[in-house]
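Work through the exercises below with the sequence and coordinates open. Each task is followed by a stepwise solution.

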Amino acid sequence: MTKPYHIETLAIHAGQQPDPSTGAVMTPIYQTSTYVQSAVGVHKGYEYSRTGNPTRTALEDCLAALEGGTHGLAFSSGMAAIDTVLRLVASGEHVLAGNDVYGGTFRLLDKVLKDYGIAHSFVEMTDLRAVQAGLRPDTRMVLLETPTNPRLKVFDIEAIAALAHANGPRTLVMVDNTFATPYLQRPLALGADIVAHSTTKYLGGHSDVVGGAALMNDEAVFERLKFLQNAVGAVPGPMDCWLVLRGLKTLALRMDRHAENALAVAQFLSDHPEVKEVIYPGLSDHPQHALAARQMRNGGGMLSFVMHGGVAAARRVVARTHLFALAESLGGVESLIEIPAAMTHASTAGSPLEVAPGLIRVSVGLEHKDDLIADLQQALM
Ligand SMILES: *Cc1c(COP(=O)(O)O)cnc(C)c1O
């Protein structure tokens with residue numbers, strides 16, 4: 001059940017049939033590590049829960065359907081998903097990444113995989129000539145987020161995938177779609193080979209679970225990643241899969257409201273005399289606004305801003321909000337605020353990806369927008 005249904009319907013039904021043994025409408029939490037065999041090798045498709053678990057299967061099939069993919073794999077965290085996908089890259093090969101990525105992805109490339117002989121470089125992917133120039137004969141993976149974390153740059157997935165594929169048949173494109181979610185943007189349809197997610201964020205949506213996923217269409221890529229998922233073993237437990245499945249059911253509703261609230265907050269901040277710059281893809285003054293309008297259903301729920309007063313003003317603002325909790329992470333129903341340079345992106349200090357110390361990142365939640373604006377208003381005074 002994929003093709004004729006809209007994403008709102010898929011989020012509720014894909015991968016999930018009433019339980020055949022009891023009729024339970026909600027997918028049960030199959031809290032089991034192993035499965036009985038009637039004779040050696042004779043079973044109902046499940047042998048051991050690292051290899052497969054029915055609650056995980058439901059989540060994997062649902063996420064694949066949402067991304068318009070034929071295959072899905074769930075992981076114990078977003079980093080586990082990205083790490084497993086990057087194991088497609090052999091020692092001696094190269095990863096070309098966008099120059100604004102999640103701090104943990106930077107850390108994995110720069111502080112872990114580099115020591116295993118996997119090279120990487122970062123390029124400004126708003127500039128397609130820089131992408132072209134960054135591609136090498138040994139580039140195995142092009143890795144990008146869009147919108148990026150935390151600068152909210154928007155990269156042209158279709159154009160970058162075309163350049164990557166022209167580089168040679170071995171060059172794969174992985175898009176980390178955590179910020180946009182498949183409700184706003186579907187990278188596989190734009191030419192990406194693999195979509196990665198931190199389901200911890202909007203897909204789970206309630207700040208109560210850590211998880212990840214990789215979705216794809218290519219059979220050979222899936223078979224290798226499925227092998228790696230089992231061999232490496234960074235799988236999510238059934239309870240965590242169930243929490244993400246539950247969150248997914250309201251994805252469309254939540255993303256529409258996140259974007260409506262984020263646009264209202266962005267407009268308020270843009271008009272505020274103490275605010276120097278607001279970065280939100282849904283604002284017409286965003287440098288890639290036209291691309292965002294084409295590539296995404298709406299501007300999403302994330303924005304960043306800079307105060308005229310710099311770092312000191314930023315630190316004051318994040319300490320003074322009441323509704324916006326000062327915390328890492330994003331994508332939950334509650335609004336969060338943070339300073340990436342000192343928090344989520346501290347690992348990029350001293351690197352070309354270092355974030356300006358005064359940049360404030362906001363995950364706009366689902367509270368009433370007037371309450372959110374009033375909270376920022378008092379914090380900015
Ligand atoms: C949070 C995040 C990750 C890492 O996911 P975890 O679930 O925390 O491991 C990767 N990419 C992006 C864009 C993120 O926001």
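**Exercise 1.** List the buried residues of α2 in this predicted model.

Solution. Apply the cut-off: buried means under 20% relative accessible area. The residues that pass are P54, T55, R56, A58, L59, E60, C62, L63, A64, A65 and L66. That makes 11 of 13 residues, so α2 is mostly covered.

**Exercise 2.** Check the span of α2 against its number of residues.

Solution. Start with the 13 residues of α2, at 1.5 Å a residue. The expected span uses one less than the number of residues. That gives 18 Å. Now take the end C-alpha atoms: they are 18 Å apart, which agrees.

**Exercise 3.** Find what caps the N-terminal end of α2, and describe the residue T55.

Solution. The cap is N53. One of its side-chain oxygens lies 2.9 Å from the backbone nitrogen of T55. T55 belongs to α2, residues 54–66. Its relative accessible area is 0%, so T55 is buried. Beyond its neighbours within four places in sequence, T55 touches T27, P28, I29, Y30, P238, C241, W242 and L245. After α2 comes G68, with a positive phi near 70°.

**Exercise 4.** Characterise the crossing of α3 and α4.

Solution. First, geometry: the axes of α3 (residues 78–86) and α4 (residues 103–112) come within 10 Å and cross at roughly 35°. The crossing is right-handed. Next, contacts: α3 supplies M79, I82, D83 and L86, and α4 supplies G104, T105, L108 and L109. Last, composition: the contact residues divide into 5 nonpolar, 2 polar and 1 charged.

Note on methods. Residues numbered from 1 in each chain as written. Predicted model: local features only at pLDDT ≥ 70, side-chain atom pairs only at ≥ 80, totals over all residues. Heavy atoms only, no water. Helix = DSSP H or I, 4+ residues; strand = E, 2+ residues; numbered from the N terminus. Buried < 20%, exposed > 50% of the residue type's maximum accessible area, 1.4 Å probe, protein only. Contact = heavy atoms within 4.5 Å. Axes fitted to C-alpha atoms, helices over the stretch in contact; angles between N-to-C directions. Left-handed = near helix turned anticlockwise from the far one by under 90°. Nonpolar A, V, L, I, M, F, W, Y, C, P; charged D, E, K, R; others polar. Polar contact = N/O pair within 3.5 Å; in protein donor to acceptor, adjacent residues only side chain to side chain.
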